[in-house]
Amino acid sequence: MAANNFRHALFCAVVTLIISIPILGLNLEAKGINIILTGAKTSTYVAIVLAAVAVFVFQAYRDSIMGLLGKLPNFNPLADKEPMEQSKRVKLESWILTGIVVLALFWPFVVSRGSVDLATLVLIYVMLALGLNVVVGLAGLLDLGYVAFYAVGAYTFALLSQYTGISFWMALPIGALLAGLTGMILGFPVLRLRGDYLAIVTLGFGEIIRILLNNWTTLTGGPNGIGGIPEPTLFGMEFGRRVKEEGNTSFHETFGIAYSGEHKVIFLYLIALVLAVITALIIRRFMRMPVGRAWEALREDEIAARSLGLSRTAVKLSAFTIGAFFAGFAGTVFASKQGFISPESFVFLESAIILAIVVLGGMGSQLGVILAAIAVTILPELAREFSEYRMLIFGAAMVLMMVWRPQGLLPMRRIHITLNKQE
Amino acid sequence: MLEVQNLSMRFGGLLAVDGVSLDVQEREIVSIIGPNGAGKTTVFNCMSGFYKPSGGKILFEGKEVQGTPDYKISRLGMVRTFQHVRLFTQMSVVENLLVAQHRHLNTNMLAGLLGTPDYKKREQKALDRAAYWLERVGLLDLANRDAGNLAYGQQRRLEIARCMVTEPKLLMLDEPAAGLNPAETKELNQLIVSLKEDYNVSVVLIEHDMSLVMDISDRINVINQGRPLASGTPEEIRQNDDVIKAYLGEA
Ligand SMILES: Nc1ncnc2c1ncn2[C@@H]1O[C@H](COP(=O)(O)OP(=O)(O)OP(=O)(O)O)[C@@H](O)[C@H]1O
Ligand SMILES: [Mg+2]
C-alpha cells in the first residue's frame, strides 16, 4: 500500500517536471529575424522543483488529506438534516422561489444599468441550466454539446431577422421549436449509447455545429457573425431613440416620457425574467407528469422500466428534445440581447459552464440550479482582477465540490405524487 | 396462449439453454424448476425480450415474438418480475405503480401541461388502480414511502403489484419466494392462486421452494444444464426418476 502510494506519487512528480520544464523553463525570444531558445531564470526552475515536491507530498499522503477534507464541517448546514416532510418542503421552496421572483421584479429599478444587463445574462443561464437539468439531472443523460441547441436558437433568430425581418416575438417560438427539432434529429441515433459514449458524441455534435457556423460563411457570415438583430418590442413599441421599423411607434413618445437607454435594458430583463419563470413552471409541471416519472424510472433502473413497457428511445428522446427546446428559447433571448452573435459565443466552454451550474445546483433541483446560475455568472464578474485565473478557480471549485458535496448544493428531491386515503 | 418451441440461447461457448419447450394455457400456473445455473432465468430473459434467442420460437397468442424488443413484449401483456428485486427505489411506492401504467395514461405533453379533463381522468384512474392493488397486497398504508425503504417481503409484493397494474395476461415470476419467511411464502401462495382464479392471469413461475411449486402448479417443467429433463403434473414430477436423480445428485 505505502510502496504503491510512493510509486504513484513519484510518477506524478516526474510528470509535473516533464510538463512544466518545457512550458515554463524554456522561452522563445526574437533576436533580430531569428528566434532563439533561452532558459528561464533560476528562480523559475526552483519554483518548478518546489511544485513537483508539493505534488509528490500531496500524492503520497493523498488518502489522509482527502480524509481530512471530508471531515471538515459542512459549508451547508441544511445538507445533513433529515429531509423535511414533503408538503413542508414544497411549500418552503415555492415561497423562496416566489420571493426570488418578486425581488427580481423590482430589482432592476433600483440598480445600475450594468447590473441589470448582467442579471439578464444570469436569467439566460437559468433558462439554459433548467433545460439542461431535464437532460442531465432528470433523465440522467450526460450531454456535453448542449450549447449547440442554444446556438440553433440564436442563429435562427439572427438569420430570420436578416433575411425576412422577423420580430423577436415571432422568432421566439420558431427558434425554440427548431432547436427542439435539432435535438430530436441529433438525439435519435445516439441515445442508445450509454454514459461516456453519449457524452463524447454530444461533445462532437456541439463542435460540429460551431464549426459549421464558422465555415458556412455565405449563410452565417462565419467568424464575423451576424449583427443588427432587432430588440424585442412591446405591442409594436420600440425602445430605441428613433423608430426603425415602419408601423412601429416608440416607447418613450407613446408614454410621453424622456428617452432613456435604460428602458430597453430593463424591458429585456423583464422579458428574460418572464421566460425564465415560464421555463421553470413548465419543467416543474413536466416532473409531475407521466413523462417526468418515466425519466426518473429509466434513470433509476432501465431494465425494470423497459420490462414495464417504457420505450427507452422515446423517453430519452423526449428529455433531449425538451432540453433542446429551452436552449433554443434562451438562444433567441441571447441574440436579441446582444444584437450581434458569432460562433465565439457557442464554444464548448459554454456547455461546460451550463453543466457546472446543473452539477453545482444539485442535479434535478430547480432552486439549486437557480442559485448556482447566479453564483457561476456573477462571481467571475465580481472577481474581474482574477479573470486570468478564472478557469483555475472554477476547476478548483468543482473539485472541492465533488469532495464535499457530490450531490450538489441542494440535492434534488422530486415532488412525489401522494396517494390520499380513500374513504 | 404461450408456446415456447425448442428454445436455445448461446453465450459465446456456453449453451445456457438448449432445446427447451413449454406451453402455457389460459388460467394456468406453470412452473420451471431446476438446479442453480440450469438456465431458468435465461429462458425468462428470452421470453421477455431481453435476449434474442439463438434458436427456437416463442409464440404468444399465436404470434411469433422472439426477438421483439422488451418494452413491446410487455405491452402485449407479458410482464415479469426479477430474481433480484428491481424497484425504482427512490420513487414512492405509488409512483412505482404509476410508472407501470405509463401506457394507460395520457402521455400527450400538451394535455398534461394544460391539465385537460381526459388527462386528469386517466391520472385519477391510474391512482385508483394503484390504490386497489396496494390494498390487495397489503401495502396501502405505505403508499407514500420510498420504495427503497420497504422491507424485503414488501418489496417483493410491490413488484408483483407493479406487474398487475399493467393488466397483463401472462405473469412471469422469477423466484418470488426467495428470501421470504414461511408466513410470507404462504401469503404469496394465496396471492398467486388468486391472480389466476380472480384475475384470469396465467403464471409462469421459477421457484426453488418445492412445497410452493408442488402446491400451486398445474404443470411443471424441469430443466437441467439448459436441457429439458421432464415435464408433467406435480404428481408425475414427484415420481420421476430423472428428476430425483438430478436433485439428489445436486444435493
Ligand atoms: N448474459 C450472460 N452472459 C453469459 N452467460 C450467462 C448470461 N446469463 C446467464 N449466463 C449463464 O447461463 C447459465 C444459466 O444461467 P441462469 O441465470 O439462466 O440460471 P438459473 O437457472 O436462473 O439459476 P439460478 O437458480 O441460480 O437463478 C449460467 O451458467 C450463467 O452463468
Ligand atoms: Mg435465475
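In which helix of chain A is A:Ile65 found? A:Ile65 sits in helix α3 of chain A. The views below come from a predicted model.

**View 1. A nonpolar patch on the surface of chain A.** The patch is formed by A:Val49, A:Val53, A:Val57, A:Phe58, A:Tyr61, A:Ile65 and A:Met66. Together these residues have about 570 Å² of accessible area. Helices α2 (42–60) and α3 (62–71) of chain A each supply at least two residues of the patch. The largest share comes from α2(A), with four residues. A:Ile65 belongs to the α3 part, being found in that helix of chain A.

**View 2. The interface between chain A and chain B.** Here 33 residues of chain A are in contact with 41 residues of chain B. The area buried between the two chains is about 3200 Å². Carbon and sulfur atoms give 63% of that area. Nine residue pairs are in polar contact between chain A and chain B, both residues at pLDDT 80 or more.

**View 3. The side of chain A that touches chain B.** Four helices of chain A give two or more residues to this side: α11 (261–288), α12 (290–300), α13 (302–307) and α14 (312–338). Helix α12(A) gives the most, with eight residues. By class, this side of chain A has 16 nonpolar, seven polar and ten charged residues.

**View 4. The salt bridge of A:Arg306 and B:Asp70.** Three salt bridges are counted between chain A and chain B. In one of them, the side chains of A:Arg306 and B:Asp70 meet at 2.5 Å, N to O.

**View 5. The salt bridge of A:Asp301 and B:Arg86.** The whole structure holds 17 salt bridges over all chains. Among them is the pair A:Asp301 and B:Arg86, whose side chains meet at 2.6 Å, N to O.

Notes. Residues numbered from 1 in each chain as written. Chains lettered and ligands numbered in written order. Predicted model: local features only at pLDDT ≥ 70, side-chain atom pairs only at ≥ 80, totals over all residues. Heavy atoms only, no water. Contact = heavy atoms within 4.5 Å. Buried area = accessible area lost by both parts, 1.4 Å probe. Salt bridge = Lys/Arg side-chain N within 4 Å of Asp/Glu carboxyl O. Polar contact = N/O pair within 3.5 Å; in protein donor to acceptor, adjacent residues only side chain to side chain. Nonpolar A, V, L, I, M, F, W, Y, C, P; charged D, E, K, R; others polar. Patch = residues over 30% accessible without salt bridge, like charges linked within 9 Å, V, L, I, M, F, W, Y side chains within 5 Å. Areas by Shrake-Rupley, 256 points an atom, 1.4 Å probe, with all protein chains shown as cover.
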